[in-house]
Protein chains: 2
Amino acid sequence: MNTLDTLFNPKAVAVIGASSKPLSIGNRVIKNLIDFGYRGKIYPINPKTDEIHGLKAYRSILEVPTGVDVVHMVIPARFVPDAVDDCGKKGVRHIIINSGGFAEVGPAGQAIENDFLARAAKYGIRILGPNCQGIINTDPDVRVYCNFTYTRPETGHISLVALSGGVAEVIHQGFVTLGVGTRIYASNGNACDIGIPELIRYLGQDEKTRVIVTYVEGLREPAEFMAACKEVATCKPVLAMKAGRTAQGAQAAASHTGGLAREDLATDLIFKKTGVLGFNDVGELVQAAAAFATQPVPHGNRLGIITNTGGPAVIATDILAEAGMELPPLSDTAKAFLKERLFPEASIHNPVDVLATGKAEHYRAALDAMMNDDNFDAVLVHFVTPFFVDCNAVASEIVAVSQQGRKPLICNFMTDRKQWSDTAQILETGGVVCFDLPDQAARAMAALVRYQSLQQRKVGHVQSFGPATRHSAASILEAVHQEGRSLLSAAEAYAVLDAYGIPTPTWRVVNCIEDAIQAAETIGYPVVIKADAPDIVHKSDLGAVALDLTDATAVRIAIEQMVARLNVGDVRYLVQKYVPGGLEVIMGAKAEPGLGHAILFGMGGVYVEVLKDVVFNLAPVTDVEAREMVAGLKLSPLLQGVRGQKGVARDKLADMIQRLSQLVCELPTIKELDLNPILAFENDIRVADVRIII
Amino acid sequence: MNTLDTLFNPKAVAVIGASSKPLSIGNRVIKNLIDFGYRGKIYPINPKTDEIHGLKAYRSILEVPTGVDVVHMVIPARFVPDAVDDCGKKGVRHIIINSGGFAEVGPAGQAIENDFLARAAKYGIRILGPNCQGIINTDPDVRVYCNFTYTRPETGHISLVALSGGVAEVIHQGFVTLGVGTRIYASNGNACDIGIPELIRYLGQDEKTRVIVTYVEGLREPAEFMAACKEVATCKPVLAMKAGRTAQGAQAAASHTGGLAREDLATDLIFKKTGVLGFNDVGELVQAAAAFATQPVPHGNRLGIITNTGGPAVIATDILAEAGMELPPLSDTAKAFLKERLFPEASIHNPVDVLATGKAEHYRAALDAMMNDDNFDAVLVHFVTPFFVDCNAVASEIVAVSQQGRKPLICNFMTDRKQWSDTAQILETGGVVCFDLPDQAARAMAALVRYQSLQQRKVGHVQSFGPATRHSAASILEAVHQEGRSLLSAAEAYAVLDAYGIPTPTWRVVNCIEDAIQAAETIGYPVVIKADAPDIVHKSDLGAVALDLTDATAVRIAIEQMVARLNVGDVRYLVQKYVPGGLEVIMGAKAEPGLGHAILFGMGGVYVEVLKDVVFNLAPVTDVEAREMVAGLKLSPLLQGVRGQKGVARDKLADMIQRLSQLVCELPTIKELDLNPILAFENDIRVADVRIII
């Protein structure tokens, strides 16, 4: 049995800090448990009162007559550690700590948090919180509401977990407003013990949870989160919204969580890599969750639309087309079927327009036609309620077809819900997910298809490029570290690339002009000379680079000028084959705290600045992901070749991305690595400059 | 008095086709007039019944005892012309025709439409429709509901006009759901007489209309629409949604309106040029309209946020930042003010977080601080309802500050509206516009600011480049037309450009090799030679262009090869200065039916294909618009110069755009004009190739 089972299915809950004051949290939690119809025993703990909301209150948890599965604490922080001890003695398994005043307020609070955590560990108690809302489980056999908030969910199939109770509740209330039920709700605040990844894993195994929703403002445990989502998202949709995606938003998030504002690239990459569906809009997230909770996932992206009024179908079509969905025509069989059954003026193209005067049998015919037609993977129904049509009958047909469960069916139900409350009721109790606006219905449908394509996508394999060369590269980095440096010299950096088979122009490192000339003769003219000293970072700014040197004299003059210009000690020179022309691209890697490295690929030259034409992924990058990166730039068609121009060696770019990925995975002390530019030709690619920081 | 005043403020309405059958339109219109509390007289017209809904029915409009301002017709199309005659005899001013079966069904219906239009014109009767819903006016002194639909609007300040009743009603119902009132509603279907532009002009002058909302799927009368919006949108916000923006959406729109699917560039350009606020999402449009109906337009884009829970403020911040709004810090005065008044743990940065325990006085302090602080142009309030706070008191303070009307104030009210119905009621009756989600509130606020910046923007002036050269260019086009050609020869096209001072490389047209050599000597080497014959369209494909010819021999060989290769009669040769290098850009003009020309500017070369890096505007293009076009490309930074590279002569590009605009305005027979490529240098620009089709 999962250790969280008891937390979400407690047979007895005690509230330490239960209060008889009506507007206190300690009172509200008791009231919520009662009002929500909790099936287990409720024990208010309060040394100063005998009874709260008609329940006998106990002076201490130790006086409670039965076992207690979950304790809900609503007491000042300083009293929590001793209360945890009492719970341990009582054999309590889980504690939810509503109270604030812990890690979020600074070192003093952190000390109290560490204290109670150590005591809890001694007894094997798991903690949710502190500084959190708590949990809800709508299971009719449980109906536990250990939470001080107000949302009153119906029983359903969406589970919702988030650190931030504020947004979690907004989302949760959205489900209620939309008339779609919840399975489990958990908001864990500081998450000092039970974290979001553990909750997601638990919900992944929970049969009654069909879809998991979460909200993040930046991840506490990115690697754990990634592992949990990777495990869960392939078998169950995980929908996530991330806020703080702008600099200003990140600043606002940092200000309310007490963290540091920083660009959070990792979260989006984790979503992408693990198949989590990301959302930027609360409403869209809520609506998509409702669709997943009630509808099967479609087998493809080919959509049929039925309507009784033209405009809303046009609006939906725009959104679906932009989301990459196809709107194929009906099969000839389906057309013939509808030609016999619809009004002569009805449109039997896709969208099918049964007309405002279309009756229940017309809707049914259109629904049947699309459900039977292999041209369609899913059906979107628009239904405005004309007063001269039996709308309840239409609704009943939509319900009947929806309940066949053959293909996903989403309804845009455009009406005054007060006047057509019966019709709305038929659709809702029939399990048809209804939205008010064509845009909403279309976006919810697009989310179903997006998940389908994420499930179907080929993830590919992480290639390992042998022979094992880690040792030579690792020893270079170790030596740099020993010397107290962070920036590798050019020679060191090129040697690291060589060790991983990343193609560079032939190079030698020399100490003087004569050796440089000899090296140039061996390599073959033209050559590049780069002064290579620890003090020189921006080589071209300092005049430490000379390009396209075609003979010994040119090499001599170039080095003499550098000596005169640079005036730094301990200079060596990198002599390298000069490779003219080629399309400039860039690659890079950047350490992401707690998560390994992000890998970057982009267009080089001015396009990096002007277009920011770059894509990212997380190491290890698979073969499929590397090819997607090469194909994923705005200017990727240039790599393929346009207007009769030949493209560049894209397979070699994908290969280099994977080698770079393996390199940083095996050399985790690398903080930043830039290959800029890489010169790409029709049959070859070469790294023209490299910078590595450990 | 405006001619539409009587339509929207009738003292008596007759319904021809009134019916006693409950589920008929002729019955519903009577019922809607009664239910909505119409203040005027209602005359059901039906030869076969004496009474409908308790009202005396008349056999004919001619038997009605008083004057009739508006007749609502719900009779089959074939009876309409005679009924119009009767109305004329009766002195009726306006007829609303619900019935379909006219132009929208084809030539036979068109003939009936023409018939009744001619009769109406004879009597000076204005027609709304046919094939339309009708009108609503919520004015308490009028309350006319000549419409068969179901939406029951409150009295308010939003007016809504659209051809398509389906979407108009969805939008209208959105206002009701949001609790915001309507002023006038009009859906005019086929719009055979009273069109959307006339309605917009009327509403522009209607004092009780604060904001005009419309929905289009492509414009019937683009020039009229543009003129009306230009007049109205500067003094009153016009919010518009266009559907059919994707190819698939345009196809769906064509299928339900019976029109042709075509790319509709013009509508978006008209929105932009006239200052209409465009929307792609019905919900966002509805929410923005609610904001405009209740709030003043802000003076700038600097926003203050107040919240009692962190996450929603982060979500709103993301959206506002993406919309280009600023979130400045509070002034020192405001900070000091709040430091004294808020809880010590409250955040007095922007967003100000009064904390979940924040009370009415804390909200009031934060509101006052931001209203008094010159750092802010508008305030967004997030308000989640903790049960341990007096939420009604908080709502009352928000209302009090909102009613001061000093700066726009929008509220994201996050709650269960059933449990907090009192609080919701306080906010609603207090005129505070409330949304359920942070995203919605933020987008509505962004719309207010977007209108402000549209109002503030400099439109600029249409420059006229003299001396008047129209005649020489016009006579060239006339000659081409006389010859039955549509494509201008290179010589003709360059002459047209010369006439408008559009810089081209020096050119001559010659008939033979010897003349070509002489021309080349005069122009100066290197030169380009282009074979110029009506049959040759794609010159470079046919080997009809020779570049970079540096002497007489090269000219001779080039022409000899062309003669051998082309084998077409009547060839002349364009000899032109060869201009190497330069950054390639393109310009173009395309006739938009009923609207003049769209002008295009973009990056040339492969970037046109790969990035589609082009911007459009409508001729006549002003100086300001031309500069905006030059600055509006994704790659515009390349024109300015990046990484120490020099930019190109952007002022000359803006000048050329305006000359091109003047050219097509004065030569309206031009269908397409392409300047591709134009070579741009640091101090000069030159058109390297031109194609003109009339």
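## Interface of chain A and chain B

A:Arg443 forms a salt bridge with B:Asp281, with 2.6 Å between the closest N and O atoms; the term covers a side-chain nitrogen of Lys or Arg within 4 Å of a carboxyl oxygen of Asp or Glu. Between chain A and chain B the count is six salt bridges. This is a predicted model, in which local features need pLDDT of at least 70 and side-chain atom pairs count only at pLDDT 80 or more, while totals for chains, interfaces and linings use all residues. Residues are numbered from 1 along each chain as its sequence is written, chains are lettered from A in the order in which they are written, and side-chain values use heavy atoms, with hydrogens and water left out.

In contact (heavy atoms within 4.5 Å) are 71 residues of chain A and 71 residues of chain B. The two chains bury about 5800 Å² between them, 65% of it on carbon and sulfur atoms; this is accessible area (1.4 Å probe) lost on putting the two parts together, summed over both.

The side of chain A that touches chain B divides by class as follows.

| Class | Residues of chain A |
|---|---|
| nonpolar (Ala, Val, Leu, Ile, Met, Phe, Trp, Tyr, Cys, Pro) | 35 residues |
| polar (the others, Gly among them) | 22 residues |

A rotation of 180° with 0.1 Å of shift along its axis superposes chain A on chain B, with RMSD 0.1 Å (least squares on C-alpha atoms of residues with pLDDT of at least 70 in both). That is the relation of a two-fold axis. The same surface serves both copies, as 100% of the contact residues of chain A recur in chain B.
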